[in-house]
Amino acid sequence: MNDCLTLFRLLGVCVLFFFRFAAADNALSHEGRIFSIEVVNGKLQVQGINTGEPDGAPTTRPYVNSMHDHWKNSTIPELGPIANSFLPDYEIQIGTAFVILKDHEVTLELLSASQWVNPPMMPLPGTIPHLRPLDPGEVIRIEAGTTVTTDSLGTLLLSSSVPQTGIADILVNYSIDGHPTNEIHVLEFRLSASPTDLNQPSMIRDSDPIYVLLSPDGANPMEKLHYASLYLEQYLATVPEPNSITLVCLATALLCTRPCTINSLGSNL
């Protein structure tokens with residue numbers, strides 16, 4: 001029975017992937033929120049970029065390693081309600097990072113998962129997000145060639161060897177059973193790179209924590225917790241070395257000296 005459910009789940013994901021790219025002129029291009037993989041001062045990081053409709057924050061985020069997107073609700077026969085998100089995914093542009101990463105294996109390790117339940121619709125500056133573990137039985141699957149889950153964790157292979165042309169689109173699919181509401185899911189990752197030539201020394205340091213936020217589907221920004229998501233992605237990116245379990249213990253004085261603000265929240269995305 002489990003094998004049948006797995007097969008139906010994979011078929012459903014394939015259908016969703018098809019509809020995502022069926023209208024595209026180039027299967028290696030898309031619009032929406034992207035993580036561009038970079039190497040800065042010898043350390044990996046990801047720069048969040050929104051190539052789709054404006055979402056109330058700068059197109060290129062003024063911070064790194066944090067970005068949100070929204071679940072898309074659907075119902076698949078034999079599986080029932082399911083939510084998917086195909087963004088944010090990753091790219092390696094030809095440029096400084098590409099030159100350094102060429103002929104490197106790039107991996108993405110899932111470290112933890114948490115959730116912000118019933119956040120304020122429009123958090124005030126200084127709000128401390130209360131992140132807690134996922135509910136019992138709640139499992140998020142992340143697929144990028146292989147699959148890891150939030151109950152087992154693990155590592156995804158983004159590229160076995162970065163080619164001379166760079167990589168325009170590293171596809172990632174996030175999925176969860178049911179249709180989440182009133183909660184923002186937070187996935188914490190670490191990005192690593194190592195030379196494919198074992199005789200070459202590894203010179204690139206692992207990234208700081210990378211946060212993927214997944215917010216509900218909905219008919220309007222409030223149902224989608226859009227403004228709370230913008231707040232949380234900036235909060236996680238700008239509070240030094242936050243940990244998903246201990247965020248609530250961060251000193252209030254730190255927030256007073258580094259207040260969090262949201263940039264022109266005028267979008268309905």
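Hi everyone. Before we start, please keep in mind that what you see is a predicted model.

Let's begin with a sheet. Strands of a sheet pair through backbone hydrogen bonds, either parallel or antiparallel. Here we have an open sheet of five strands in the order 5-6-14-10-11, and the pairing is antiparallel. Which strands stand at the edges? They are strand 5 and strand 11, residues 146-149; each has a single partner strand, so one side of each is left without a neighbour in the sheet. On average, neighbouring strands of this sheet are turned by 30° against each other, if we ignore direction.

Strand 5, residues 72-76, pairs with strand 6, residues 80-85, over five bridges. One of the residues to look for is Ile-76, whose bridge partner in strand 6 is Gly-80. The two strands form a hairpin with three residues between them, and in that turn Glu-78 has a positive phi of about 75°. On we go to strand 14, residues 173-177, which runs antiparallel to strand 6 and is joined to it by four bridges. There, Ile-176 of strand 14 stands opposite Ala-83. Arg-141 has Thr-149 of strand 11 as its bridge partner.

Next, the inside. In soluble globular proteins, nonpolar side chains tend to be buried together. In this model the largest nonpolar core has 37 residues, and the ones that touch the most other members are Ile-37, Tyr-90, Leu-101, Ile-142 and Leu-187. Take Leu-101: leaving aside residues up to four places away in sequence, Leu-101 touches Ile-37, Val-39, Leu-44, Ile-92, Val-106, Val-162, Ala-193 and Ile-204. There is also a second, separate core of 13 residues, with Trp-116, Leu-131, Leu-225 and Leu-232 among them.

On to the aromatic rings. How many aromatic pairs does a search of the whole structure find? It finds two. In one, the ring centres of Phe-35 and Tyr-90 are 5.5 Å apart and the planes are at 40°, so we call the pair tilted. This pair links distant parts of the chain, with Phe-35 in strand 1 and Tyr-90 in strand 7, 55 residues apart. Both Phe-35 and Tyr-90 are buried. The rings of Tyr-231 and Tyr-235 have centres 6.2 Å apart and planes at 20°, so that pair is stacked. Tyr-231 and Tyr-235 are four residues apart in helix 3, residues 226-238, which puts about one helical turn between them. Are they buried or exposed? Both Tyr-231 and Tyr-235 are buried.

Last stop: the backbone. Most residues other than glycine have a negative phi, and most peptide bonds are trans. Now look at the peptide bond from Leu-87 to Pro-88, which is cis, with omega near 0°. Pro-88 sits in the loop between strand 6 and strand 7. Then find Asp-103, with a positive phi near 65°, in the loop between helix 2 and strand 8. Asp-103 counts as partly exposed, at 37% relative accessibility. Leu-153 also has a positive phi, about 60°, and lies in the loop between strand 11 and strand 12. With a relative accessible area of 31%, Leu-153 is partly exposed.

Notes. Residues numbered from 1 in each chain as written. Predicted model: local features only at pLDDT ≥ 70, side-chain atom pairs only at ≥ 80, totals over all residues. Heavy atoms only, no water. Pairing = 2+ DSSP bridges. Core = buried A, V, L, I, M, F, W, Y, C linked by side-chain atoms within 4.5 Å. Buried < 20%, exposed > 50% of the residue type's maximum accessible area, 1.4 Å probe, protein only. Contact = heavy atoms within 4.5 Å. Axes fitted to C-alpha atoms, helices over the stretch in contact; angles between N-to-C directions. Phe/Tyr/Trp six-rings, centres within 6.5 Å; stacked < 30°, edge-to-face > 60°.
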